[in-house]
Amino acid sequence: MQLKYNSVEELVAAASSSNKKISEIVLEQQAEDMETSPEDVYSTMESSFEVMRQSVLNGMDETLRSSSGLSGGAAAKLKKAVEEGKNHYGHLLGNAISMALAVTEYNSCMGQIVAAPTAGSCGVIPAALISVMEEFDLPKHDIIMSLFTASAIGMVIAKCASIAGAEGGCQAEVGSASAMAAAALTEIFGGTPQMVSDSCAIALKNTMGLVCDPVAGLVEVPCIKRNAMGVANAFTASELACAGITSAIPADEVIFAMKQVGNLMSSSLKETSEGGLAATPTGCRLRKQIFG
């Protein structure tokens, strides 16, 4: 079956009919389309994963600060709390949230990251996958393969709706990243292709209508903490799906609804910094403080 990435249903059908994982059929398809070997395509994805892993490590630097002064050091602070057993919601969640902060803080300091699917949402997928890899001592191969599933979900969303905050609000950025991460996690933990679809739908429903309102026009406030929320949402959606809990609304209908919501959203809430948190008294004060 030639994948067109027109729907999540197409991915589920292709994987189910061939008795394969979504990641396996995507890898095969990408190799065929690029006229190269699956090994070469896998190697390229592995390189992206290593950039993700390095961005997590670099972002944990406690001295890290962005030029605006709005971000830096939060990831290291939370990581210390986790290491000292002072966080309240478990080792895995604490680590995942700190990793999401680390990657996005590193991005705000102009460090190298993987836009997954965008720079504004770059912390969700690395945090979700690297935290579970470390927590459960999972093979790196399984994590890298799951990135093909995440990518396929991202391609469907980009094609049928949007992954740009300027077009669809933050639901299109952190929301999409969260859905992609949920899909990858669900496959990692043995979920069926249909469970992958359900986890995608649940994650997107949970972020429906999320606006893009960066303070001072910078990808820092509230973007960084929204990445932390995105990884927690991915865990929630995957946990529900893997337990056999389905989405009442199919993933493709959720994606279409997200597109409609984005179209209805005011331009002031789509990356223009004219509304939402950017327009609060403190948001305006910070903009003046940074830019004069």
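Read along the sequence, this chain goes α-α-α-α-α-α-α-α-α-α-α-α-α. That makes 13 helices and zero strands. Helices here are DSSP runs of H or I with at least four residues, strands are runs of E with at least two, and numbering starts at the N terminus.

A word on the source. This is a predicted model, where local features need pLDDT of at least 70 and side-chain atom pairs count only at pLDDT 80 or more, while totals for chains, interfaces and linings use all residues. Residues are numbered from 1 along each chain as its sequence is written, and side-chain values use heavy atoms, leaving out hydrogens and water.

Now the overall form. The C-alpha trace spans about 60 × 45 × 40 Å along its principal axes.

Next, burial. Of the 292 residues, 53% count as buried. Buried means under 20% relative accessible area, exposed means over 50%, and partly exposed lies in between, with a 1.4 Å probe and protein chains only. Contacts, meaning heavy atoms within 4.5 Å, also tell us something. Among those with a separation of 6 or more, 74% join residues 24 or more positions apart.

On to the cysteines. Take Cys 109. Its closest cysteine sulfur is in Cys 122, 11 Å away, so too far for a bond. Cys 109 is partly exposed, with a relative accessible area of 22%. Then Cys 170. Its closest cysteine sulfur belongs to Cys 212, at 5.8 Å, and that is also too far for a bond. Cys 170 is buried, at a relative accessible area of 8%.

Last stop: Ser 68. Where is it? Ser 68 is in the loop between α3 (38–59) and α4 (74–83). Buried or exposed? Ser 68 is buried, with a relative accessible area of 15%. Leaving aside residues up to four places away in sequence, Ser 68 touches Leu 218, Glu 220 and Ile 290. Compare Ala 115, which is 47 residues from Ser 68 along the chain. The C-alpha atoms of those two are separated by 21 Å.

Note on methods. A disulfide is a pair of cysteine sulfur atoms within 2.5 Å.
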